[in-house]
Amino acid sequence: MGRQGSGGSHIIQSMSRKGNCLDNSMMENFFGIMKSELLYAEKFELPEAFIKALDEYIDYYNNIRIKSRLKGKSPVQYRTLSITG
């Protein structure tokens, strides 16, 4: 698609300098986990089925899934604690 390929769809492409992958490392990590836990684990017959499963997975990933690195909290719970004290 390249930088010019998103012309009519009102999408702004984000590109870092060559060799700088740190700005997208969190998304790359999410995509890797999502592919192993969702995409490769199931066979989707229709794109709509995948979109529905992905929506449910994102909710799970942010609100239900606990991480030991986040003191046994989900990402949303952990962020809420850091905001409210």
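**Note on the predicted model**

1. At a relative accessibility of 62%, E45 counts as exposed, where exposed means over 50% relative accessible area, buried under 20% and partly exposed in between, taken with a 1.4 Å probe and protein chains only. The side chain of E45 meets that of K43 in a salt bridge with an N to O distance of 3.9 Å, a salt bridge being a side-chain nitrogen of Lys or Arg within 4 Å of a carboxyl oxygen of Asp or Glu. K43 is likewise exposed, its relative accessible area being 70%.

2. On the basis of the reading: this is a predicted model, in which local features need pLDDT of at least 70 and side-chain atom pairs count only at pLDDT 80 or more, while totals for chains, interfaces and linings use all residues. Residues are numbered from 1 along each chain as its sequence is written, and side-chain values use heavy atoms, with hydrogens and water left out.

3. On confidence, the mean pLDDT of the protein is 83, and 76% of its residues reach 70 or more; pLDDT is the predictor's confidence in each residue, on a scale from 0 to 100. Where pLDDT is low, the predicted coordinates should not be read in detail.

4. On the overall architecture, the protein has 3 helices and 0 strands, these elements being DSSP runs numbered from the N terminus (helices of H or I with at least four residues, strands of E with at least two). The order along the sequence is α-α-α. Of the 85 residues, 13% count as buried, and the accessible surface comes to about 7300 Å², with 58% of it belonging to carbon and sulfur atoms; the areas come from the Shrake-Rupley method with a 1.4 Å probe, and for residues only the protein chains shown count as cover. Among contacts between residues at least 6 apart in sequence, 15% join residues at least 24 apart, contact meaning heavy atoms within 4.5 Å.

5. On charge pairing, side chains of opposite charge can pair when their charged atoms come close. The count of salt bridges in the model comes to 2. Besides the pair described in the opening point, the side chains of K52 and E56 meet in a salt bridge at 2.6 Å, N to O. Both K52 and E56 lie in helix α2 (residues 47–64), 4 residues apart, which is about one turn of the helix. K52 counts as exposed at 52% relative accessibility, whereas E56 is partly exposed, with a relative accessible area of 45%.

6. R65 deserves a separate remark. A polar atom of the R65 side chain does lie 3.1 Å from the backbone oxygen of Y61. Not counting residues up to four places away in sequence, R65 touches Y60, K73, S74 and P75.

7. S74 is found in the loop between α2 and α3 and counts as buried at 1% relative accessibility. The side chain of S74 reaches the backbone oxygen of N63 at 3.4 Å, and beyond four places in sequence S74 touches N62, N63, I64, R65 and I66. K73, found in the loop between α2 and α3, is partly exposed, with a relative accessible area of 30%. Leaving aside neighbours within four places in sequence, K73 is in contact with R65, I66, K67, Y78 and L81, and its C-alpha atom is separated by 9.0 Å from that of N63, 10 residues away along the chain.

8. A backbone point concerns K71, which has a positive phi of about 60 degrees although it is not a glycine. K71 is placed in the loop between α2 and α3 and, at 66% relative accessibility, counts as exposed.

9. Finally, E42 lies in the loop between α1 (25–39) and α2 and is partly exposed, with a relative accessible area of 44%. E42 and A53, 11 residues apart in sequence, are 9.7 Å apart in space, C-alpha to C-alpha.

Technical notes: Polar contact = N/O pair within 3.5 Å; in protein donor to acceptor, adjacent residues only side chain to side chain.
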